[in-house]
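This report goes through a predicted model.

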Amino acid sequence: MNVLKSMPLSGKLGALLVMFWVFIAVFGPWLAPHSGSEIVAYDVFEPIGGDYVLGTDYIGRDVFSRILDGTRFTIFIPLLAAALACSAGTLIALFSAVSGPRTDEVISRFMDALISIPSKIFSLVMIAAFGSSVPLLLTITAISYMPGSFRIARALAVNVANMDFVTVARTRGESRLYLAIKEILPNILHPMLADFGLRFVFVVLLLSSLSFLGLGVQPPEADLGSLVRENISGLAEGAPAVIIPAIAIATITIAVNLLIDSLRGGATYAARGK
Amino acid sequence: MTAHVSVEKLRVEAGPQGQAKTIVHDVSFTLKRGEVLALIGESGSGKTTIALSLLGYARPGCRISGGAVHVGEDNMAAMNAAQLAGVRGRKVAYVAQSAAAAFNPSRRIMEQVIESALMHGVMSRSQAEAKAIDLFKQLSLPSPQTIGRRYPHEVSGGQLQRLMAAMALICEPELIIFDEPTTALDVTTQVDVLKAFKDVVKAYNTTAVYVSHDLAVVAQIADQILVLQNGRMMEKNPTPTILNHAEHAYTRQLLSAVQDSDSYKDNEPGEVVIDIANIDAGYGKISRDGKPEIPILSDISMRVRRGQTVGIIGESGSGKSTFARVIAGLLPAANGTMLLNNKELTPAIVDRSKTECQQIQMVFQNADTALNPAHKVGDILGRPLTFFHGLKGAARKQRVAELLELVKLPADLADRKCGALSGGQKQRINLARALAAEPSVILCDEVTSALDTVVAAAILELLGELQAKLNIAIVFISHDISTVKSLCDEIMVLYKGKTVQYTSGKQFAIGPYEPYTELLLNSVPTLDPTWLDSRQSRA
């Protein structure tokens with residue numbers, strides 16, 4: 001609670017929005033007045049404020065319910081993917097930092113090769129090869145964002161690995177595992193958490209754009225990106241069915257960014273205060 | 001003659017408004033034109049804060065909350081940012097501790113030296129460059145005509161410090177502030193730099209404030225000394241009075257910490273713990289005759305006995321820290337033999353057994369980086385206990401408490417992280433961690449150089465007591481000759497990776513000395529204010 005209090009206004013706003021979206025993601029399906037896939041009205045692209053809170057979509061389904069239902073994909077897939085990417089990246093980076101220069105070189109060059117593949121092209125190729133499914137989307141996004149996480153973690157870990165306290169542990173004859181997990185990891189955890197937040201945002205955007213292309217989450221399920229795509233024909237008449245999901249994606253990403261920025265600012269302030 | 005610089009009831013606060021902590025309490029002093037005042041005290045005594053307030057500057061989070069700072073006609077404490085910008089560099093100038101950090105590495109020196117003159121528009125570029133070359137000559141820099149064309153990394157540390165003084169003096173300021181300008185330098189370099197500062201301050205009749213923690217250095221250059229402790233003035237008197245008739249107890253404590261004692265140590269020699277013969281070490285490929293491509297150490301031999309201390313003296317770059325790393329196995333020796341308790345010791349740490357690792361423990365210079373900030377004190381001390389002796393749970397806790405008591409720290413520190421501890425406390429924990437392994441030899445690499453004099457003296461005393469109690473061997477690496485002299489049974493002087501002299505402490509107290517040892521000994525400032533001048537006449 002103290003963390004929240006000491007945050008700047010933008011951070012509080014971010015935290016509030018993030019909490020709101022996580023709440024929706026968890027409880028959305030239960031809160032929805034209708035089933036997401038049920039066709040409830042004959043009129044398509046109804047405006048806000050009619051019988052349905054956020055109008056209806058291109059075949060007359062309740063937009064409000066569909067958003068409540070779809071948010072969990074937009075939140076949880078990226079959350080899991082970012083967690084996978086960051087933990088894998090960090091662990092490989094730690095191993096690289098405590099290993100000799102040759103191992104480090106091999107791992108780093110491999111990651112460079114991986115990072116040079118554009119994430120969107122990579123996803124398109126993978127989806128073309130294996131067909132879209134939630135586990136595949138998870139794997140793809142985790143793989144494409146892992147090298148970036150590795151680079152940051154390695155840069156931090158190499159700095160810490162050169163500190164005297166690591167040398168002391170080395171002279172004690174400690175194993176590499178101990179050096180990595182006990183000596184180095186606690187000192188790079190904070191910046192890696194900030195990195196995790198950023199990567200989450202990237203994955204949300206990648207996943208939404210894949211869904212927009214029709215290659216993400218497949219019908220009858222729909223994440224926010226798919227909602228934007230399937231209702232794109234309503235754009236001309238300004239239908240809430242296409243605008244609201246777009247706004248939802250925007251607020252999620254902005255909220256997470258605001259939150260991270262304020263956390264990072266707080267962390268450096270604490271370090272300075274010491 | 002009226003006062004040129006006067007500070008009245010200066011008060012500086014740190015922290016947010018309302019819950020601010022006062023870090024400088026009502027400090028007042030006056031200086032006549034051309035006088036040199038030294039601010040002396042330990043870290044945290046507020047000496048740099050006071051010096052910076054003369055520039056009208058307070059570090060982020062601090063503010064000047066009361067009093068007046070007059071330099072000539074101007075009240076620096078009451079000026080706004082634009083007015084201050086007009087005065088700084090022109091009327092008041094600053095020489096920082098680390099010139100290496102203060103120079104921009106990507107610009108040529110001349111550009112940076114004359115920058116403030118051009119900015120204030122006091123002279124044209126060609127005038128400024130001519131002036132700079134004059135200053136280079138006065139500061140006895142080599143090849144003054146061309147040195148300005150070099151980049152900062154192309155000159156030595158001592159030269160860079162003098163170039164920084166040239167930068168400060170380019171506009172002929174009325175007041176110049178030296179903030180520990182020689183602390184980072186080797187003794188032999190420090191002498192030249194001090195000499196250059198003293199001459200130049202005299203030549204321009206500049207008022208100067210010299211911040212330092214070293215009384216002996218200050219004695220050479222200052223007319224008056226102001227002693228500070230915890231942001232309060234303890235004593236302010238002319239230099240001879242401070243040195244000979246110090247009024248305040250704290251001043252006397254500082255004095256006694258620097259006083260050179262003629263005592264030497266001569267412990268009963270025990271059995272040989274470490275026997276090192278003809279070590280070569282360095283970096284790069286090792287040739288067929290066992291010499292590394294970039295040699296750091298060549299042909300070093302040393303023997304350390306139980307209960308004895310061997311001191312290794314050398315300036316930066318002499319290879320003294322490398323030697324400790326070679327013994328610890330972090331940098332495998334290319335050549336030569338090492339015996340630990342009469343058994344052959346492999347050069348690389350990865351080939352050593354756990355017991356061998358346990359026998360040799362290293363204590364690093366900087367406790368800030370040697371202790372993991374993420375761990376609690378109890379875990380830092382407990383890890384070697386578990387690792388080497390398999391202690392767990394209550395037994396481990398018990399032993400941690402014993403170790404803390406051994407280094408004279410309260411047992412409840414075990415639950416704290418080391419970020420909040422003082423420098424002296426951290427260094428004690430650093431030492432306790434080495435002792436936790438129950439080693440037969442401890443390698444101390446500059447363990448006191450990051451500490452204040454009084455704190456350092458306490459650590460050294462502790463080290464002596466522990467040695468007597470635990471009968472361990474110590475290799476004590478330092479650049480500080482007087483410390484080594486009073487602490488060590490045997491002394492080795494290193495220069496460029498070679499042994500210059502290796503004698504017993506007893507012999508070292510009387511001589512004779514090798515020429516380089518002689519030079520080192522003569523470069524250490526004494527409390528005698530005429531020391532620097534007498535050296536000058538000899539040179």
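For chain A, an unreviewed UniProt entry lists "transmembrane region" at residues 12–32, 75–100, 121–146, 196–218 and 238–260. Two of these spans can be described from the predicted coordinates. Residues 121–146 of chain A are 88% helix and 0% strand, and their end C-alpha atoms are 16 Å apart. Residues 238–260 of chain A are 91% helix and 0% strand, with 33 Å between the end C-alpha atoms.

For chain B, UniProt lists "domain: ABC transporter" at residues 5–255 and 274–521, again from an unreviewed entry.

| Span | Helix | Strand | Distance between end C-alpha atoms |
|---|---|---|---|
| Residues 121–146 of chain A | 88% helix | 0% strand | 16 Å |
| Residues 238–260 of chain A | 91% helix | 0% strand | 33 Å |
| Residues 5–255 of chain B | 37% helix | 27% strand | 27 Å |
| Residues 274–521 of chain B | 40% helix | 27% strand | 28 Å |

**Contact between the chains**

Chain A contributes 14 residues to the contact and chain B contributes 18 residues. On the chain A side, the elements that give two or more residues are helix 7 (164–171) and helix 8 (176–212) of chain A. Helix 7 of chain A provides the largest share, six residues. By class, the chain A side that touches chain B has four nonpolar, four polar and six charged residues.

**Domains of chain B**

The domain assignment divides chain B into domain 1 (3–258) and domain 2 (272–372 + 425–533). The centres of domain 1 and domain 2 of chain B, taken over C-alpha atoms, are separated by 34 Å. In their contact, 22 residues of domain 1 of chain B meet 17 residues of domain 2 of chain B. On the domain 1 side, two or more residues each come from helix 8 (187–203), helix 9 (215–221), helix 10 (239–244) and helix 11 (249–258) of chain B. The largest share of that side, six residues, belongs to helix 8 of chain B. The domain 1 side that touches domain 2 of chain B comprises 12 nonpolar, six polar and four charged residues.

**A six-strand sheet in chain B**

Strands of a sheet pair through backbone hydrogen bonds, either parallel or antiparallel. In chain B, six strands form an open sheet with the order 16-17-18-13-19-20 and mixed pairing. Strand 16 (360–363) and strand 20 of chain B are at the edges with a single partner strand each, so one side of each has no neighbour in the sheet. On average, neighbouring strands of this sheet are turned by 15° against each other, direction ignored.

Strand 13 (residues 309–313) and strand 18 (residues 473–478) of chain B are a parallel pair with five bridges. Within this pair, Gly311(B) has Phe476(B) of strand 18 of chain B as its bridge partner. Helix 17 (residues 423–436) of chain B packs on the sheet and touches strand 16 and strand 17 (441–445) of chain B; the direction of helix 17 makes about 175° with that of strand 16 of chain B.

Met492(B) is paired with Tyr502(B) in strand 20 of chain B. The hairpin of strands 19 and 20 of chain B has two residues between the strands, and Lys496(B) takes a positive phi near 50° there.

**Further strand pairs in chain B**

Strand 11 (residues 272–286) of chain B pairs antiparallel with strand 12 (residues 292–305) of chain B over nine bridges. Here Asp275(B) has Arg303(B) in strand 12 of chain B as its bridge partner. Five residues lie between the strands of this hairpin, in which Gly290(B) takes a positive phi near 85°. Strand 11 of chain B is also joined by five bridges to strand 14 (residues 335–340) of chain B, and these two run antiparallel. In strand 14 of chain B, Thr337(B) stands opposite Ala277(B).

**A helix pair in chain B**

Helix 15 (residues 377–389) and helix 16 (residues 393–406) of chain B pack at an angle of about 115°, and their axes are 9 Å apart. The crossing of helix 15 and helix 16 of chain B is right-handed. Gly378(B), Leu381(B), Gly382(B), Leu385(B) and Thr386(B) of helix 15 meet Arg396(B), Arg399(B), Val400(B) and Leu403(B) of helix 16. The residues of this contact divide into four nonpolar, three polar and two charged.

Notes: Residues numbered from 1 in each chain as written. Chains lettered and ligands numbered in written order. Predicted model: local features only at pLDDT ≥ 70, side-chain atom pairs only at ≥ 80, totals over all residues. Contact = placed C-beta atoms within 7 Å. Helix = DSSP H or I, 4+ residues; strand = E, 2+ residues; numbered from the N terminus. Nonpolar A, V, L, I, M, F, W, Y, C, P; charged D, E, K, R; others polar. Pairing = 2+ DSSP bridges. Axes fitted to C-alpha atoms, helices over the stretch in contact; angles between N-to-C directions. Domains from an automatic or database assignment. UniProt positions renumbered as here; feature names shortened; annotations may be inferred. Left-handed = near helix turned anticlockwise from the far one by under 90°.
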